[in-house]
Amino acid sequence: MTQTIAILDFGSQYTMLIARRVREQNVYCEIFSPRVTRAELVRLNLAGVIFSGGPSSVYDEGAPRAPEFIFELGVPILGICYGMQLLAYQLGGRVERAPHREFGPAQIRVTNPVSFLSNLPLEQNVWMSHGDKVFELPSGFENIAESDHCAFAAAIHPARNLYALQFHPEVAHTPHGKNILRYFLYDICKCNGDWTPRSFIENSVEQIRARVGNERVLCALSGGVDSMVAATLIERAVGEQLTCVFMDHGLLRQNEASDVASLTQQIGIELVTVDARDYFLEKLRGVIDPEQKRKIIGAAFVEKFDETAKNLGEHKFLAQGTLYPDVIESGVSFTPPLDTAQGRTHTTAVTIKTHHNVGGLPTTLPFQLLEPLRHLFKDEVRAVGTELGLPKNVVWRQPFPGPGLAVRIIGEITRERLDTLRAADAIVREEIGNANLEKMPWQYFAVLTPIQTVGVMGDERTYENVLAIRAVTSEDGMTADWARLPHDLLAKMSSRIVNQVRGVNRVVYDITSKPPGTIEWE
């Protein structure tokens, strides 16, 4: 059974980043609410626990606490920022409001170079983000580092396997943070690095077989890397019990349906295509609110899949390529893989936008969900796809949201506006794809806005739409930076769009990172 690090999420903006840093060391982790039960953790091959940071003060009314049984599990615990303060407070130390708050870069001095600070510089830069701090350590703790405004920047209790950092080792602004986490994982928790794409595939196939048994699975296949990897995993597990369905909802990119058919033929997956264009467009008629769009699309997907399943024969499971970022942005924190039927959801995350395949699904779902990738980030899915032997053009295909162009058209969706966006988006993808950039953007597309502006074309006044181009660099979709595309490339795309696409007379480029924005506009 795979070794696991449990991360208790106390509301930190960096909790997902802690998970990523742990997995980068080939160590598996799951994220849990502070309301986690003993049974949930005991079921794991638990190697250690990490307390995340968080926005609360330990003295706030209703501030999250670590369950007392955590300290009885006999595994190492690492507290980060609020997690350190919580360790101190719950074990008898003293935490108070700091007279000098630290937010941003700071320098610590290692006063006792032991444990995870051994073999590291005695002075090093770190990233602080705290208003409270520990004023008195609990009995048995040793202080091992300090900063100008924090007497206890790092502390350990070797006898009880308790470790604490006031700074954030998971962020890039702490240059030695990866070394500190690696020491905790391998030297303290004794992890063996057994979580790899190959081991994930082997475990997933075994779990899928055990859960599905002799039942049939209907897979919603979009042609993107997520659903392709999910379908390939399930096909490896249950073979002909899998039926893959491509739903043409009329919200696709140019030539999308034919591209998906070619891709599935390339990797040997049989595909049933359902033409539901009129159905979805009618459901979306007059709808402007993006959350409503997503929920309508989610419900319509299930209705059409239910109808399709009845025509194809009984299917007990609906498989989706749901990823962890989908779950987090929809306000549902970590649910372990293949466990959705048990309804275990920890809601510590804030809803950023409801994803049609998570919060957009109806509560009366006529299937059991099968989501083997639900706890993976995008880069991890690509690594799994490569290990499965999928071709590069599948593994590195441009991400495309399940609701399709519905969330790239701001305002009402009509056939005319869809045609306009398809034509413009095709130009954007063609030009960036042919640009031979040194570093290709992670995702790039066009967005049609409801804003109209005055222009001049052929000595005549025009009053047409503004179209935005969005291109970002990212590793996993959780954070992203706007891509610094060459100016001549931007100029070429703009010129082609305003001259070739009817209904657009102005093009703008989105230079917003995530956060504060999201990758998609809706």
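Modeller: This is a predicted model. Let's start with a helix pair: α5 and α6 cross in a right-handed way.

Colleague: Which residues make that contact?
Modeller: From α5, the contact uses Phe200, Ile201, Ser204, Val205, Ile208, Arg209 and Val212. From α6, Leu233, Ile234, Arg236, Ala237 and Val238 take part.

Colleague: How do the contact residues of α5 with α6 divide by class?
Modeller: Nine are nonpolar, one is polar and two are charged.

Colleague: And at what angle do α5 and α6 pack?
Modeller: About 60°, with the axes 8 Å apart. Here α5 covers residues 197-212 and α6 covers residues 225-238. An angle from 65 to 115 degrees would count as roughly perpendicular. The pair α5 and α6 is therefore oblique.

Colleague: What about α5 and α11, at what angle do they cross?
Modeller: Roughly 80°, and their axes come within 9 Å. Helix α11 is residues 378-387. So α5 and α11 are roughly perpendicular to each other.

Colleague: Which residues of α5 and α11 meet?
Modeller: Pro197, Arg198, Phe200 and Ile201 sit on the α5 side. Ala383, Val384 and Glu387 are their partners in α11. By class, that contact has five nonpolar residues, no polar ones and two charged.

Colleague: Which residues line the second largest cavity?
Modeller: Met84, Leu87, Ala88, Val134, Leu137, Pro138, Phe141, Ala155 and Ala164. In that lining, nine residues are nonpolar, with no polar and no charged ones.

Colleague: Where does the largest share of that lining come from?
Modeller: Helix α3, residues 82-90, which gives three residues.

Colleague: Where are the cis peptide bonds you'd show me, then?
Modeller: One joins Lys514 and Pro515, with omega about -10°. Another joins Pro515 and Pro516, with omega about 10°. Pro515 lies in the segment after β18 (504-509), and Pro516 lies in the segment after β18 too. For context, most peptide bonds are trans.

Conventions. Residues are numbered from 1 along each chain as its sequence is written. This is a predicted model: local features need pLDDT of at least 70, side-chain atom pairs count only at pLDDT 80 or more; totals for chains, interfaces and linings use all residues. Side-chain values use heavy atoms; hydrogens and water are left out. Axes are lines fitted to C-alpha atoms, for helices over the stretch in contact, and angles run from 0 to 180 degrees between N-to-C directions. Helices (H or I, at least four residues) and strands (E, at least two) are DSSP runs, numbered from the N terminus. Angles under 35 degrees count as roughly parallel, over 145 as roughly antiparallel, 65 to 115 as roughly perpendicular and the rest as oblique. A crossing is left-handed if the near helix is turned anticlockwise from the far one by less than a right angle, and right-handed if clockwise. Contact means heavy atoms within 4.5 Å. Ala, Val, Leu, Ile, Met, Phe, Trp, Tyr, Cys and Pro count as nonpolar, Asp, Glu, Lys and Arg as charged, and the others, Gly among them, as polar. On a 1 Å grid over the protein atoms alone, a cavity is a set of points where a 1.4 Å probe fits but cannot get out, and a pocket is an open set with protein on both sides within 12 Å along at least five of seven lines; lining residues have an atom within 4 Å of a point.
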